[in-house]
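Open the model in your viewer and keep the selection tool ready. We will go stop by stop, from paired side chains to a pocket and its ligands.

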Amino acid sequence: MDLSNWEKRSKEQQKAYKRMLEKGNKNKILKALPDLHEEAFEQVDCLSCANCCKNYSPRFKNPDIKRIAKRLGMKEGDLVARYLKLDSDNDYVLQQSPCPFLAADNTCDIYEDRPSDCRRYPYTDEDVVIKRVPLTLKNATVCPATFIVLEKLLELEGG
Ligand code: SF4
Ligand code: SF4
């Protein structure tokens, strides 16, 4: 797929995406997602992008905090104090962006132990795509893989 100006095209398509995600055939969408997700990630290179790590914070759930603190040889409380804050949903998120664990070459310093949200982002192989439409729409403006998946879904739904 042509990815030139994808951010602009994605913004222009927000209404069409919203209609398709809310009113489209949910079973058809869910069935198509795994293949579309795989195809999209064959076309984009996360290491040349890292938009998610630069712009968003994952949630750091308790198991994430335990695992990452252990990896870094830090006390959990020190990890929280140094990097995290509570958001309005009472979830721990990063104090700053880009993520402090993002290296200069866009790799992740804690990759094997990264938060579950980082593993799952942008959720394009999950029912989150239709369950949390505002999130999916936002992700489509940040993540080129999400843009590709939504464009393909539009094609499937007949435009
Ligand atoms: S923990 Fe790693 S994968 Fe997650 S946002 Fe930070 S750099 Fe990105
Ligand atoms: S925004 Fe999407 S394509 Fe870019 S690094 Fe994150 S998951 Fe990969």
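Select Arg59 and Asp117. Their side chains meet in a salt bridge, 2.8 Å from N to O. The term means a side-chain nitrogen of Lys or Arg within 4 Å of a carboxyl oxygen of Asp or Glu. Arg59 lies in the loop between α4 and α5 (62–72) and Asp117 in helix α7, so the pair ties together parts that are 58 residues apart in sequence. Helices (H or I, at least four residues) and strands (E, at least two) are DSSP runs, numbered from the N terminus.

This is a predicted model: local features need pLDDT of at least 70, side-chain atom pairs count only at pLDDT 80 or more, and totals for chains, interfaces and linings use all residues. Residues are numbered from 1 along each chain as its sequence is written, chains are lettered from A and ligands numbered from 1 in the order in which they are written, and side-chain values use heavy atoms, with hydrogens and water left out.

Stay with the pair. Arg59 is partly exposed, at 24%. Buried means under 20% relative accessible area, exposed over 50%, and partly exposed in between (1.4 Å probe, protein chains only).

**Next: more charged pairs**

Side chains of opposite charge can pair when their charged atoms come close. How many salt bridges does a search of the whole structure find? It finds 10.

Select Glu76 and Lys66. Their side chains form a salt bridge, 3.9 Å from N to O. Glu76 lies in helix α6 (residues 76–83) and Lys66 in helix α5, so this pair ties together parts that are 10 residues apart in sequence. Glu76 is partly exposed, at 37% relative accessibility.

Now pick Arg71 and Glu112. Here the salt bridge is 3.0 Å, N to O. The pair links distant parts of the chain: Arg71 is in helix α5, and Glu112 is in the loop between β2 (92–94) and α7, 41 residues apart. Arg71 counts as partly exposed, at 35% relative accessibility. Arg71, Glu112 and Asp113 are linked in a network of salt bridges.

**Next: the largest pocket**

Select Cys52, Cys53, Asp117, Cys118 and Tyr121. Of the 46 residues that line the largest pocket, these lie nearest its centre. On a 1 Å grid over the protein atoms alone, a pocket is an open set of points where a 1.4 Å probe fits, with protein on both sides within 12 Å along at least five of seven lines; lining residues have an atom within 4 Å of a point. The pocket holds about 1,100 Å³ of space. A volume is the space filled by probe spheres set on the points, which are joined across faces, edges and corners.

Colour the helices. Among those that each supply at least two lining residues are α3 (26–43), α9 (133–142) and α10 (144–156).

**Next: the ligands**

Show ligand 1. The residues around it include Cys53, Cys99, Phe101 and Arg114. Show ligand 2. Its surroundings include Phe41, Cys46, Asn51 and Tyr121. A residue is near a molecule if one of its heavy atoms lies within 4 Å of it.

**Last stop**

Select Gly158, in the segment after α10. Gly158 is exposed, with a relative accessible area of 67%. Gly158 and Met20 are 138 residues apart in sequence and 9.8 Å apart in space, C-alpha to C-alpha.
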